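Please read it beside the sequence and the structure.

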Amino acid sequence: MALHIHFDPVGGVAGDMAIAALLDAFPQHLTGMLEAIRLAGLPASWQTSLVSHRDHALTGRRFLVEEAHAHDHA
C-alpha cells in the first residue's frame with residue numbers, strides 16, 4: 001500500500017519546515033532523506049540537523065542545512 005501526501009500551501013511553504021514536518025510524521029525516513037539530499041548534490045562539507053524551534057505561539061522542528069564554517073565568522 002502506497003502513501004500519498006498532497007501539499008496545498010496557500011502562500012508557499014518553507015522547505016526546512018516541510019522536511020521537518022515530514023520527518024516528524026515519518027521519523028523512520030531520516031536516513032533516507034539525508035541520503036537523498038546528499039545525492040541531490042549537497043556537498044559533504046555542509047551539515048544538516050533537525051532542531052526544535054519555538055517562535056511565539058508556534059512550536060515544532062526545523063531542518064537546517066548549514067555550511068560547516070558558517071558560525072566561525074561571527
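The protein has two helices and two strands as its secondary structure, where helices (H or I, at least four residues) and strands (E, at least two) are DSSP runs numbered from the N terminus. The order of elements from the N terminus is α-α-β-β. With a radius of gyration of 14 Å, well over the 11 Å that the globule rule gives for 74 residues, the protein is more spread out than a compact globule; the radius is taken over C-alpha atoms, and the rule is 2.2 Å times the number of residues to the power 0.38.

This is a predicted model, in which local features need pLDDT of at least 70 and side-chain atom pairs count only at pLDDT 80 or more, while totals for chains, interfaces and linings use all residues. Residues are numbered from 1 along each chain as its sequence is written, and side-chain values use heavy atoms, with hydrogens and water left out.

**Overall dimensions and surface**
- Along the principal axes, the C-alpha atoms fill a box of roughly 45 × 35 × 25 Å.
- Of the 74 residues, 11% count as buried, meaning under 20% relative accessible area, with exposed over 50% and partly exposed in between (1.4 Å probe, protein chains only).
- Of the contacts (heavy atoms within 4.5 Å) between residues at least 6 apart in sequence, 22% join residues at least 24 apart.

**Strand pairing**
- Strands E1 (residues 46–55) and E2 (residues 58–67) run antiparallel and are joined by ten bridges; two strands pair if DSSP finds at least two bridges between them.
- The two strands form a hairpin with two residues between them, and His56 in the turn has a positive phi of about 60°.
- Asp55 stands opposite Leu58 in E2.

**Helix H1 and the core**
- The largest nonpolar core has six residues: Ile19, Ala20, Leu23, Ile37, Leu42 and Phe63. Such a core is a set of buried Ala, Val, Leu, Ile, Met, Phe, Trp, Tyr and Cys residues joined through side-chain atoms within 4.5 Å.
- Helix H1 (residues 15–25) gives the largest share of this core, three residues.
- Asp16, Ala18, Ile19, Ala20 and Leu23 are the buried residues of H1, and their cover includes H2, E1 and E2.
- Beyond its neighbours within four places in sequence, Leu23 contacts His29, Leu30, Met33, Leu50 and Phe63.

**Two individual residues**
- Asp16, in helix H1, has a relative accessible area of 17% and is therefore buried.
- Not counting residues up to four places away in sequence, Asp16 touches Arg62 and Phe63.
- Ala44 lies in the loop between helix H2 (30–39) and E1, and counts as exposed because its relative accessibility is 75%.
- Ala44 and Leu30 are 14 residues apart in sequence and 17 Å apart in space, C-alpha to C-alpha.
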